[in-house]
Amino acid sequence: MTKITTAQALRQVQEDLKKNFDPTKKLVTICAGTGCRGYGCIKVKEELEAEMKKQNMDVEVRATGCFGFCEKGPLVIIHPEKIFYQQVKIKDVPDIVSKTVANGEVLEKLLYRDPETKETVLKEEDVPFYKKQLRLVFGQNGMIDPTRIEDYLIIGGYTALAKTLSEMSPEGVISEVKKAGLRGRGGGGFAAGIKWEGSRRAHGSPKYVIANGDEGDPGAYMDRSLMEGNPHSIIEGMIIGAYAIGASEGYIYVRNEYPLAVLHLTMAISAAKEAGLLGKNILGTDFSFDIHINKGGGAFVCGESSALFASIEGRAGEPRAKYVHAVEKGLWDKPTVLNNVETWANVPLIISRGADWYNTIGTEGSKGTKIFSLVGKINNTGLIEVPMGMTLREIIHDMGGGIPNGRKFKAVQTGGPSGGCIPENLLDLPVDFDKLYEVGSMMGSGGMIVMDDKSCMVDVARYFLNFLQEESCGKCVPCREGVRRMREILDDICAGKGREGDVDLLEHISTGVADGSLCALGGSAPNPVLSTIKYFRDEYEAHIKDHRCPAGVCKALITYSIDAEKCTGCMLCSRVCSVGAIHGEKKRAHVIDDDTCTRCGACIESCKFDAILVK
Amino acid sequence: MKKTANFTAKTKAIVKKHGGDRSALIAVLQDIQETFNYLPKEAMNTVSTMMGIPASRVYEVATFYNAFSLNPRGKHIVKICVGTACHVRGASAIQDKFEQKLLIKPGETNQDQQFTLELVNCVGACALGPVVVIDTEYHGQMTMNKVDKIINEINKEGAQQ
């Protein structure tokens, strides 16, 4: 692409691209996010292209970013009719091309079928999973090829940047972002505009802006989907931010496990530079700004600001005490603004559509939308973007489609390892930064892990403490030792060695860990324990007093047996049992020897008659 | 001796590529690991000398981040996702099964250097949970039964080659 040197020229480029873009033209889009790649979507794409060739059809097959509905991948949409096909297999390809693409004929079996009404749904927006969503940030993912800057320009990309540079002062940008009430999407929920203002006022140069893409919360992958699916939106946000605070250099810190995100961001940065939208004299102005990519080393603590700076500086990611804020002394002790990937992607929207418009979305204290990853024991796993203030019930039941296998909802865990578990009686809670905090959890980066009655809450608390103990950097004692001791107590409780008073002791240590830790990792580490004690104390007591795990998870507290009524004597379980604990003759009910049984669960997995009992 | 020389030569090239700036240490180590599949001691010493960073600092960074391994890893890397979504869907049973099947614990490599077992905190493919990534291939909705099948298949392919 030739260099664009004025805001006017950018408009011209966008117009020219639009002229060549015919919305009535046939087009096939296929979701190529990491989730769908796991289902083999790339092979489906190649097959679609080969089939088009075979049938002499000149229709583009576009691999786009993540559509969000991971449960039903691979996902394919046929344009202009917008026919939404799910769980597409290679064998479906010839029919898709010859019938749907060529003649507009709909293949019923590939449409989404509503599990309740049993009716098929033709278009993506009518699928219950999508119906209540407001996909402002995430919605473009499904239309653009993230490796082509032209696709982003067609949908109005970089218009906000042009507006910023030609019409707005840095102070004007900051006041607009402040007015919009944009809060950090990475977990803290700190007002972005105030951060920017602090950094603009701070002495020292150069100044830096950083995008935090070190998405460490297990079960959260919205940042990855943005980096993979719409990298230019993040870059545009960062350039605007850099102009506002007066930064000349920026970094995107990407998690080690996200190779596709690194690839797409690298391509986007070089394309933006080539087009004169990044680098020296952006859009012909005096403003210059460059972005580097840093790959993380796989340490959860590096999501914390000062640890992230240490990592970019090439050191071990240990946080430091923050008597002086990062906006004054951050990376290399220079004024730095660190915002999460999703926060940056919100910025172009605010600039181009205005703070007043942005203010109409969301709740009083939390404006705009939020992307959540809805995972765990849920029918519709995927990424959703909703206005702040939607209730958990709407998210889990209406969009998520409820709990699989007819089981009962028990809790939803939000906020990653720093968050908490929210029980059923709080399902009508409107989700925003403040409401989640009030009930002992937090927004975090937006992970929502749904649990059913087969999930043990003590085990979940132990899981998170184990995670945090492994990921604690070890610098400060309250976190390093406190979290370890808490995990040991939880280990004991799950192993049936819990003592009276353990719950009180956990609460007591929690206070010390929360108050004494250097950074937020330790400061919020007790949350998974405190929230499960608060809402599920009876489960802790069942483990400690009755030596019983009500959910049937903790191995030391359960026994396996066989329901003689249901067992048909098919012998499958005795064959899969690796320790030889199951005995019985053919066509006779089998028995499990409790002393030999390791409770590995292989028999449950193999039994077709639901005859294995866990108590 | 030849092997050591090889480590040193390639490491020198990597350090040069990054310009020798101290802040590039993590990126340099990432490239070394990509080249050798782990961080050889000789390579870390070369990095220390060339970049002017004490060996203790290089070692600190190499052991701080999970992405680095100080031991040679196997031909196939088995990454079991133990993210929360996979955990509630039974990832620990899958982990037990892999340990049993390969006779190694996470972080270890089996005797014939075929498999290294690793745990990963989340691969973000939660719809496929419990999920295991072997090299670059995703194996979703894992069951204990599938563990046997997958490992046997890889072993069979290896034997044929």
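## Chain B and its domains

Chain B splits into domain 1 (2–64) and domain 2 (76–160), with the bounds coming from an automatic or database domain assignment. Taken over C-alpha atoms, the centres of these two domains of chain B are 30 Å apart.

A quick word on what you're looking at: this is a predicted model, where local features need pLDDT of at least 70, side-chain atom pairs count only at pLDDT 80 or more, and totals for chains, interfaces and linings use all residues. Residues are numbered from 1 along each chain as its sequence is written, while chains are lettered from A and ligands numbered from 1 in the order in which they are written.

## Where chain B meets chain A

Here, 36 residues of chain B contact 42 residues of chain A; a contact means that the C-beta atoms, placed from the backbone, lie within 7 Å. Helices are DSSP runs of H or I with at least four residues, strands are E runs of at least two, and both are numbered from the N terminus.

H5(B) gives the most to this side, with 4 residues. Sorted by class, the chain B side has 20 nonpolar, 13 polar and 3 charged residues. Nonpolar covers Ala, Val, Leu, Ile, Met, Phe, Trp, Tyr, Cys and Pro; charged covers Asp, Glu, Lys and Arg; the others, Gly among them, are polar.

## Two helix pairs in chain A

First up are H10(A) (residues 222–229) and H12(A) (residues 259–274), whose axes come within 7 Å and cross at roughly 35°. Axes are lines fitted to C-alpha atoms, for helices over the stretch in contact, with angles from 0 to 180 degrees between N-to-C directions. Arg224(A), Met227(A) and Glu228(A) of H10(A) meet Leu260(A), Ala261(A), His264(A) and Leu265(A) of H12(A). That contact has 4 nonpolar, 1 polar and 2 charged residues.

Then there are H19(A) (residues 477–494) and H22(A) (residues 527–544), packed at about 35° with axes 11 Å apart. Met486(A), Ile493(A) and Cys494(A) of H19(A) touch Val529(A), Tyr540(A), His543(A) and Ile544(A) of H22(A). By class, this contact has 6 nonpolar, 1 polar and no charged residues.

## A look at Ile422(A)

Ile422(A) sits in strand E14 (residues 420–423) of chain A. It counts as buried because it has 23 C-beta neighbours inside 10 Å; the cut-off for buried is 20 or more other C-beta atoms within 10 Å, against 12 or fewer for exposed and partly exposed in between.

Leaving out residues up to four places away in sequence, Ile422(A) touches Leu392(A), Ala411(A), Val412(A), Thr414(A), Leu429(A), Val439(A) and Ser441(A). Val412(A) is 10 residues away along the chain, with 5.2 Å between its C-alpha atom and that of Ile422(A).

Definitions and conventions
Two residues are in contact if their C-beta atoms, placed from the backbone, lie within 7 Å.
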